[in-house]
Amino acid sequence: MPSRPDIALVVHAHFYQPPRENPWTDEVPREPGAAPFHNWNARIHAECYRANAYARLYGASDRIAAMVNNYQRLSFNFGPTLARWIDRHDPQTMARVRAGDAEQHRRLGAGGAIAQVWGHPITPLCSPADRRTQILWGLADFARHFGRAADGMWLPETAVDPPTLRALADAGVKFTIVAPEQIAAVRAPGGPWQSVTRDSLDTGRPYLFRLGDENNRTISLCVFNGPLSRELAFGTAAADAAAFLAAARAAAGSPGRPNSGAAAPRLVLAASDGELYGHHKKFADLTLAYATAVEAGKDAITVTNLAAYLREHPAVWEAELAKGPDGEGTAWSCAHGLGRWRRHCGCAMNSAEFPSQQWRGPLREALDLLSDGAGAFFEDAACQWLVDPWGARDAYGSVIDDAPAVRHDLLAEFATPALTAGGDAARARVLLLMEMQRAALLMYASCGWFFDDIAGVESMLILRQAAHVIDLWQRLGGRPPVAAFEDLLASARSNRPQPGNGSEVFGVVGRDRMTPARAAAHFAFTHLEAPAARLHTPGFELRAPSDGARPGGTGDDGAPGGLISGRLDVTTRRTGERQSLAFTIRHDGDLDPTLSSNGERVTLGDLPADLREPIVLAALARLAAGRPSAAACRAALALAPPAVQGQSPELEDSFARLAAALVGQLTVTTASDEALALVTKLVEKAGLPRRTPHTPFIEEQLWQLLAAHDEAKQQPPPALRTLAERLGFAANTPRLPDAESRTPHKAIQDQQIFPAEPAGLPETEPA
């Protein structure tokens, strides 16, 4: 019986997350959808990135028999925006990733890690200068993490065209990965060209692409096996090791009838998002570990990586790329060339709910307008300080995440006499110019177009980077084309009425803006409302100088209030800029203080939601412990996030407590339509009638109001009926058969319900 084909199995995992950091603070804010984790990076890290560094192998009685580092047998790339986050939050996992690459280098003669184009743009849609910088920054990030030069580079969405391959070769890249449908024709050495389809292409061998230059340079193309990759991502092959390896054998062919004409060992390359292994598919990390570390070697399957395979079996056949519509290029994830990132092409995740992606074109036009203008401003402004502004930008990637002093030293290598003579002020301006370019490159992350609506999270992330570009441009004395930019965004219509278009989405993301004055306000407001809180102002370091007043003070009723003045030293961590800010705070004790500093006025509502919420929680607890005024309740409602954005359970509970405090004050004479409408809004923000420790008390107090109207033979006012129906009372509350069984309403009125807590209710302080 013929033996099974000898298989060289390469499993490539593309690990990536978009730039989730708030660009003004350089830290990832809380993302409620990722609960119980702080954000999606943290959640996926636990389920996937770290899980693959310590993949469990289970033995008898489902007890852990061993832990395997899957990165020792994967071909993989880590997107720079993700690797940066892991470096900051779990260096132990990043050490395991590096160790996996190093172990493959020792065992196979080549490491399993490859680089990725830096900011995950659709590379063929980049300008030549941006394409070069994105590639060079990706290679620099790889060298920083793995201590060696990268042989290969992942192209985001495998988007490719001939200029992209030439740019890779110019940077020293030897190979990349493409999908079978991206190859139009192949030929054997000296043979004729043969047209191929995704189903007829032999993916069991690598191919050469000739770059068409005078030096006759080439780059190798490794083509992933489509059926195997799809079965792993969307089928059942990742369910267990036997299914995994059976799918790999099927990709190579049956005994005596291999699917590839290549000499053994035949390449079987599976490629997918790395998040498949543990996040998208639970326990797939365990499947990967058992299949590659235990079972593969028993079945004529050698687990290797692309650099090692190409070293032993260099490409000799040639390939031509599919051109795509109008020669724009192709990508694995769009059947219409590159349409998914520039027009309504028909590719969508959920076309039933989001039928139109016409917004994609205006979004790209708006960002192109901003990028082109920012590039021209950068060149004009930087030429007086730097002898080669674009060369300096390319080199900046090698130090992009180092301390500001290290970045200054790199830029000094490009300095003109004017930069040397300009001192700290000139150096600070040059660093801001580079940071503006960094944000301009990040705003092209491909996921901003991949999904179905401009109001989606991913589009909001890239628009937040655009807002940061505009801020830095204005700080540098320029005049960005804000009106034209927003006009283009206004034509990018959302599939949903709220928000209606890209300009409105841009307004929403602008609320995340942080300035030194806002950092000072966060520091001061936290001391006012929650002085015992563990204070952290993302992106900034704040210190009250010894000669400056620390925020504090109270009004006559014990609540924070009055006029407070002081001074804070504020340092922006990303750029190292230092400012000493004098400030004044006005606070009437209701809820919303106002800080003024250097002409900037900051209210609590101006702070990003994740910084504002803990202060609001503390303020709501203080208000609920007293006798909250209508003005204070209205202020609290104004600071709450819209229902469509969601809010934390802690905030909902605080609104329930405030609703209880307010309804406890109401009597027949004080329960005006305005007061009842205010209670109704608080109840809605609290998500009632769900059960909280305060729900029974609210229901009981409401019943007393209804009973009082019933006793007086009066119809409850419409506002009271609306509130009652919201809380689950019958539409027409029946009269009680025995009037004496009711507690006289006057007795309830005379009880001092507040400021003390309702009897029997647990104390609920904010988390």
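User: Which residue in S18 stands opposite Arg-543?

Analyst: In S18, that residue is Asp-569. This is a predicted model, in which local features need pLDDT of at least 70, side-chain atom pairs count only at pLDDT 80 or more, and totals for chains, interfaces and linings use all residues. Residues are numbered from 1 along each chain as its sequence is written, and side-chain values use heavy atoms, leaving out hydrogens and water.

User: What makes S17 and S21 edge strands?

Analyst: Five strands form an open antiparallel sheet, ordered S17-S18-S19-S20-S21. S17 (540-543) and S21 (600-603) each have a single partner strand, so one side of each lacks a neighbour in the sheet. From one strand to the next, the twist averages 30 degrees.

User: Why is S11 called largely enclosed?

Analyst: Buried means under 20% relative accessible area (exposed is over 50%, partly exposed in between, with a 1.4 Å probe and protein chains only). Five of the six residues of S11 (residues 218-223) are buried, so the rest of the structure largely encloses this strand.

User: Which strands pair with S11, parallel or antiparallel?

Analyst: S7 (residues 175-178) runs parallel to S11, joined by four bridges, and Val-178 stands opposite Val-223. S10 (residues 207-210) pairs with S11 in the antiparallel sense, also over four bridges; there Leu-208 faces Ser-220.

Technical notes. Two strands pair if DSSP finds at least two bridges between them. Helices (H or I, at least four residues) and strands (E, at least two) are DSSP runs, numbered from the N terminus. Axes are lines fitted to C-alpha atoms, for helices over the stretch in contact, and angles run from 0 to 180 degrees between N-to-C directions.
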